[in-house]
Amino acid sequence: METESGGCGDQGATLHAVSSAVLAVTRHLSVHEVLQVIVRAAAQLLDARYAALGVPDDEGSFAEFVVEGISEEEWERIGPMPRQHGMLAAMLRSDAPKRLADIRKEPEFEGWPVAHPVLKDFLGVPILDGEDVLGIVFLANKRNPGGFTANDEELLTLFAAHAAIAITNARLYEHNRELTVVAERNRMARELHDAVAQKLFSLRLTARTASTLAERDPARTVRELEQVERLAAEALNELRAVIFELRPADLADGLVPSLRKHVEVLDRAHEASVRIAADEAVVLPEEHEAVAFRITQEALYNALRHAGAQTVEVRLATSDGSAVLEVADDGSGFDTSDAAEPQNGLGLASMRDRAYSIGGGLTIDARPGKGTTVRLEVPL
């Protein structure tokens, strides 16, 4: 019974290790981050000194090659990214794992740079999506004596299956983000046409009217020219606002300073009062801060351009282990029960998708004539 108990304990510890490794990978969204975490998690999972992950391209090389256990200085001495030769090429031609006691004794062991670390025991497992090879994870030099075992191979194969899902999800996320950027550019182009072009057209007609009346009705000419001045100022403000919103967010100083800067510019550019009350101690991961900033930008845009708000306030604080970001306005509001609302240009569906992408939630509190509050909650 003691042996069985010990076996169950080992199995439980193994499953816990795999679970921890998988969770570490799935927390990340960008493909490059996912690849890095896969390599690090695989090395820790099987106690390997060296680990690498190669993503093949269509030109006989690697689109990406991520390593663990080698410093930046060592990597520079090793030289250019490896081609698909030797053992790397052999594994690309096969979808089966390869486990070796000493890779140096294999016929395929060739072409290794002089500065490359000395490798001995080796385990390579493909990361597969159906029949497609998304990448190959390589481990070398197990720290415990005896090299890699059959159980290690099974464990890494299990982990590689989960890694394939993480890579696919990260690629889909990045593709969706690219589509979102295109959609936002198209929307901004429409705004530029609708808001600025119409004002410029009105300005031209008013100027023509003033020119026609200049000699026979000087008093009305003055009024028309005043209208020209007003329309020109409005068109300039609209253009500035659109250009400002097209600029990429610079979050180098962190989320709170970037929000303050954004709010200050909007407060100067619009007649409405735009304020911010933010806890300086709130810090999110870089990817989360970028999403939070974009959601805030979208909510502010809606309040100032669609809701006719006189006062808008951005609030950022913490509550029950989450960062809470709110954009509240006193504008026209809308009926949240209207099923067509996400399609009316306010970008609510896009904001919800952004919130979901970082594990957060978005709620909209709005009533006709009573203003709107957009609330983003992100676990810390």
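Biologist: In what order do the 5 strands of the open sheet stand?
Modeller: In this predicted model, the order is β2-β1-β5-β4-β3, with antiparallel pairing. Strands are DSSP runs of E with at least two residues, helices are runs of H or I with at least four, and both are numbered from the N terminus; two strands pair if DSSP finds at least two bridges between them.

Biologist: Which strands stand at the edges?
Modeller: β2 (62-68) and β3 (98-100) each have a single partner strand, so one side of each lacks a neighbour in the sheet. Neighbouring strands are turned by 15° against each other on average, direction ignored.

Biologist: How many bridges join β1 to β2?
Modeller: There are 6 bridges between β1 (residues 48-56) and β2, and the two run antiparallel. V55 stands opposite E64 in β2.

Biologist: Which strands does helix α2 touch?
Modeller: Helix α2 (residues 31-45) packs on the sheet and touches β1, β2 and β5 (132-142), its direction making about 40° with that of β2. Such angles run from 0 to 180 degrees between N-to-C directions, with axes fitted to C-alpha atoms, for helices over the stretch in contact.

Biologist: Now β10, please. Which strands do bridges join to it?
Modeller: Strand β8 (residues 322-329) is joined to β10 by 8 bridges, and strand β9 (residues 361-366) by 6. Both pairs run antiparallel. Within β10, T373 is the bridge partner of A328, while T372 is that of A366.

Biologist: What lies between β9 and β10 in their hairpin?
Modeller: There are 5 residues between the strands, and G369 in this hairpin takes a positive phi near 75°.

Biologist: Which residues of β10 are on its covered face?
Modeller: T372, V374, L376 and V378 form the covered face of β10 (residues 372-379), whereas T373, R375, E377 and P379 form the uncovered one. In a regular strand, side chains alternate between the two faces of the sheet.

Biologist: Changing topic: at what angle do α7 and α8 cross?
Modeller: The axes of α7 (residues 255-269) and α8 (residues 286-305) cross at roughly 20° and come within 11 Å. The two helices are therefore roughly parallel to each other (angles under 35 degrees; over 145 is roughly antiparallel, 65 to 115 roughly perpendicular, the rest oblique).

Biologist: Which residues of α7 meet α8?
Modeller: L255, S258, L259, H262 and L266 meet residues of α8, including F293 and L300; contact means heavy atoms within 4.5 Å.

Biologist: What conventions apply to the model?
Modeller: Residues are numbered from 1 along each chain as its sequence is written, and side-chain values use heavy atoms, leaving out hydrogens and water. As the model is predicted, local features need pLDDT of at least 70 and side-chain atom pairs count only at pLDDT 80 or more, while totals for chains, interfaces and linings use all residues.

Terms used
Buried means under 20% relative accessible area, exposed over 50%, partly exposed in between (1.4 Å probe, protein chains only).
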